[in-house]
Amino acid sequence: ASDIHEGLGLLQHRGQDAAGIITCGEKGRLYQCKGNGMVRDVFDAQQLMSLVGHIGIGHVRYPTAGSSSHSEAQPFYVNSPYGIVFAHNGNLVNAAELRQFLDKEAHRHVNTDSDSELLLNVFANNLQQTGKFRINEEDIFTAIKGLYEQCHGGYAVVAMIAGYGVVGFRDPNGIRPIAYGRRGSEEAGYDYMFSSESVALDALGFRDVIDVQPGEAIIITRNGVTSRQLVSKQPFAPCIFEYVYFARPDSIIDGVSVYNARLAMGEALADQVLRELGADHDIDVVIPVPDTSRVSALQLSHKLGRPYREGFIKNRYIGRTFIMPGQHMRRKNVRRKLNAMALEFSGKNVLLVDDSIVRGTTSREIVQMARDVGAKKVYFASAAPAIRYPNVYGIDMPTPHELVAHNRTTPEIASYIGADRVIFQELPDLIEACRKFNPKLTRFDTSVFDGKYVTGDVSTEYLSMLDASRNDSAKAQRDADAPETIGLHNSFGAKRD
Ligand SMILES: O=P(O)(O)OC[C@H]1O[C@H](OP(=O)(O)OP(=O)(O)O)[C@H](O)[C@@H]1O
Ligand SMILES: NC(=O)CC[C@H](N)C(=O)O
Ligand SMILES: [Mg+2]
């Protein structure tokens, strides 16, 4: 549990709403602690001590489906067959159909609105079909192969089967990341760990890190590692937004260092700035919007030959604002998180650099803050192109009309956020900035920029349903209607927020 806990701390930037760990101790007994909150809120030393055993899984949640209820904190558990616990990163696009199937055909009870609980039950149902008293690897591969046909969307999964081992698998397009590594054990042999990002493996001393391939499944038991490629010939299209914003810079995902990709984005963005403003531009200083844009902004400033200055100071105790659940909370937190120093802005033409402009919450506040402390001109450059389409694979951008670039031209965006000029990276340049470090990657999921969904089955009906059920006011209404939902989860021990 202590390793998993540390790993979750290193993945905190991927989900701030809920956290959980389930371990498996002697006689296949499971031990659980989960609830809403950050890792530091959900676990204390005593709880960690009571999570006994040598195998386990954990999760940090950033909801993309269902509600923010405690009962949707992961990992999820089902007792049959064998006792399975399950953690999922991503989002399913055919959840409604799966819910029907589980109800009408598989006769499995699903207790929440989480898509991850559906995925678990499809897996459990497929395992059940094999009808064995004791499970074996072939059965697990068969179950996952079936799941790959049934479940559409983005999913990286770790599952634990009580007393047996841990399984990791990744959707057939490899949209969401997952890797595993090994570490010499104090006793004998190796410890193994899966992680969404290599940073957790790296920091905990796990080496020989391998990315799980799209459509592959890996089973780790006492006897070692078995892998199987279960689906092939699907386009491998990892989510490009991992490189832009989501992942930590010190992670390497699918052979591409996130840090290197961000440097390259900054370099390409400098060229774009020069194309748009000309070589005789009047930028005095380049200022990043902390945290994520720092790496790109630094490289951009080098290429532009203008100084890089930390004009915004970040409060280290405030998390990420974009992944917060409501607009009110996001807006309030931008000012809590960032403060502008007059001495870097006063009387200067500044180029603010951010990794992306999504809802415009950050950029609008930031531009105003820069002006309040005396900036002369405020240019705003984004290392990602304009985001105009919803994400359906695990980044919570469900609603086009909440996106500042939706139905707006670049000058209109500039006027909305109050900047003198906005400069966006071009999509081919963003793709090249990531692809150049691993030419084997021929494709990415770039749907938020171009509206092309790699799974090919994202209908307009689905997008309208997503918009209606997950826009900010629908989410707020749902949480207001059922603020105390506990469901099957007893939140004892996890602090309530
Ligand atoms: O246009 P918006 O809707 O404001 O979203 C974009 C902003 O949100 C993210 O920052 P966030 O504060 O989440 O995290 P960071 O500290 O990693 O940059 C991102 O880095 C942008 O700054
Ligand atoms: N960020 C995630 O991994 C989300 C998982 C799942 N879709 C949920 O909403 O709980
Ligand atoms: Mg940011």
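**Exercise 1.** Is Asp354 buried or exposed?

*Solution.* Start with the rule: a residue is buried if 20 or more other C-beta atoms, placed from the backbone, lie within 10 Å of its own, exposed if 12 or fewer, and partly exposed in between. Asp354 has 22 C-beta neighbours inside 10 Å, so Asp354 counts as buried.

A word on the model: it is predicted, so local features need pLDDT of at least 70 and side-chain atom pairs count only at pLDDT 80 or more, while totals for chains, interfaces and linings use all residues. Residues are numbered from 1 along each chain as its sequence is written, and chains are lettered from A and ligands numbered from 1 in the order in which they are written.

**Exercise 2.** Find which residues Asp354 is in contact with, leaving aside neighbours within four places in sequence.

*Solution.* Contact requires C-beta atoms, placed from the backbone, within 7 Å. Asp354 then has Val289, Ser293, Thr362, Ser363 and Ser382 as partners.

**Exercise 3.** Which residues does the UniProt annotation "binding site" cover?

*Solution.* The unreviewed UniProt entry lists Thr292, Asp354 and Asp355. They span 64 residues in sequence, but no two of their C-alpha atoms are more than 7.5 Å apart, so they gather at one spot. Such annotations, given in the numbering used here with shortened feature names, may be inferred rather than shown by experiment.

Note on methods. Two residues are in contact if their C-beta atoms, placed from the backbone, lie within 7 Å.
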